[in-house]
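Here's a quick briefing on one structure, put together for someone who likes the cut-offs spelled out. Have a look at the model first, then read on.

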Amino acid sequence: MEKAFSVKQTWLSCINCGHKTDLLDERIFRCPRCGDLYDIEHDLTSAGKSLAQYTALFDSRVSAKALNKEAAKYHSGVWRFQEWIMPFMPENKIVSLSEGNVPVVRAGKNLRNWVGDDIELYIILEGMTPTGSFKDFGGTVMMSVAKAAGIENVCCASTGDTSAMAAAYAAAAGIQCSVLLPKGKITPVQLAQPLVHGAKVILLPGDFDACMKVMQELVSKYGVYPANSLNPARIEGHQATVFLIAQHFGWDLPDWIAVPVGNGSNCSSVGKALRLLKRLGAETTSKILGCQSQAANPLALSWNSAKDQTSGDVFAAQDKWKSCYKPIIAGETTATAARIGDPVSRDKVMREITNSGGAMQIAEERDLNEAVAICGKDGYFVCPQTGIALAGVRNARRQGWISRGARVVVVSTATGLKFTDSAAANLQRDIISAQDCKTETVAKILKIS
Ligand SMILES: [Zn+2]
């Protein structure tokens with residue numbers, strides 16, 4: 001089979017030792033020399049475009065006229081930015097479900113009061129995608145690469161959202177998909193999604209970290225193609241988060257981008273996109289606020305220790321966090337999608353947060369649930385992981401990391417509709433049960449009789 005693109009156009013590069021290899025030939029996604037993860041790199045020099053030329057091109061693809069006229073791939077809010085995401089992917093290999101056209105909204109009144117009304121707070125609602133989570137941003141690129149590489153089977157371990165994404169995009173690509181899920185630790189919706197999309201669903205009697213261990217061995221010992229975020233093609237697509245935010249503000253980046261951190265794919269990609277914009281000459285950049293729940297906070301703990309050792313110098317913390325890092329056994333939390341004790345992309349997460357001059361925060365369980373309830377009062381039903389980031393922003397404002405007047409965008413990673421059980425349980429006390437079916441009874445409850 002003739003290659004969809006050459007290794008000179010797009011290649012893999014080890015984040016530790018710089019070893020380079022061919023993206024389309026790779027199956028294991030661990031450097032054979034040092035065992036570290038890969039980044040994807042592209043030759044952007046051949047395009048020879050300036051930042052202004054790129055942004056004008058991307059803006060032209062948003063208008064309805066362009067959408068009608070141009071290639072179908074630009075209906076996607078990810079492939080709109082193809083030149084920055086996967087420039088050499090031929091159109092006939094692209095697997096898209098028209099993902100990525102999500103809104104950036106100003107925080108409602110209740111949320112502004114809760115977080116503190118002295119900052120400019122926005123949310124990018126990435127739950128408004130085909131499978132209801134931000135994973136679709138990366139899924140479209142990952143499955144396109146798999147198709148271009150001639151892959152016939154993909155597999156992933158998941159806390160729920162990755163499996164939904166992998167199953168949906170595999171279905172669209174005509175590729176077989178298997179998912180490993182921790183039994184009893186995902187929501188009914190998240191169990192239904194891969195089944196609906198025709199994936200092979202395997203429940204393991206352990207937690208996510210146990211599923212991930214099996215997954216990694218399936219990859220290294222049996223050559224299974226990974227749909228997890230160790231597959232760096234996912235990271236390329238997730239960069240659209242930053243490009244969408246920048247485009248929303250006329251290519252002016254906010255002061256902070258706040259993300260919940262589970263396995264780390266979102267944080268890694270936000271950082272990579274910010275570095276690209278900086279390299280292309282963007283005048284301003286954003287700091288990354290990485291937020292973890294109290295129950296699953298191994299990275300925030302190591303960042304805190306490193307920062308204490310460097311007297312609060314966040315850039316110097318980059319060299320220290322590794323020696324402070326310890327995997328943990330994740331505790332119980334409603335934010336099950338980020339219930340990860342040993343994040344696979346931890347090196348990338350910490351590199352990006354420290355490089356951006358950002359910070360980490362730990363959200364208490366009560367606060368993250370409260371944030372979800374408060375968002376609901378403004379009309380937005382967000383997932384508990386979004387609650388982690390919102391509570392993290394509130395903490396960071398109180399501690400002075402985020403200054404008065406700062407523009408902050410919170411990445412809402414999934415719709416609350418995937419987490420109705422925990423939301424309903426938390427708000428149980430607000431339910432009123434009528435004694436009978438009489439109109440008068442209801443009128444009495446409504447205090448209108
Ligand atoms: Zn290496």
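Helix 14 (residues 346–355) is mostly covered, with 8 of its 10 residues buried. Buried here means 20 or more other C-beta atoms within 10 Å of the residue's own, with C-beta atoms placed from the backbone. This is a predicted model, so to speak of local features pLDDT must be at least 70, side-chain atom pairs count only at pLDDT 80 or more, and totals for chains, interfaces and linings use all residues. Numbering runs from 1 along each chain as its sequence is written.

**Helix 14**
- Helices are DSSP runs (H or I, at least four residues) and strands are too (E, at least two), numbered from the N terminus.
- The buried set in helix 14 includes Arg346, Lys348, Arg351 and Glu352, along with Val349, Met350, Ile353 and Thr354.

**Strand 12**
- Strand 12 (residues 359–363) has 5 of its 5 residues buried.
- Ala359, Gln361 and Ala363 point one way, while Met360 and Ile362 point the other.
- Strand 12 pairs with strand 11 (residues 287–293) in the parallel sense over 5 bridges; pairing takes at least two DSSP bridges.
- Gln292 has Ile362 as its bridge partner in strand 12.

Conventions. Buried ≥ 20, exposed ≤ 12 C-beta atoms within 10 Å, placed from the backbone.
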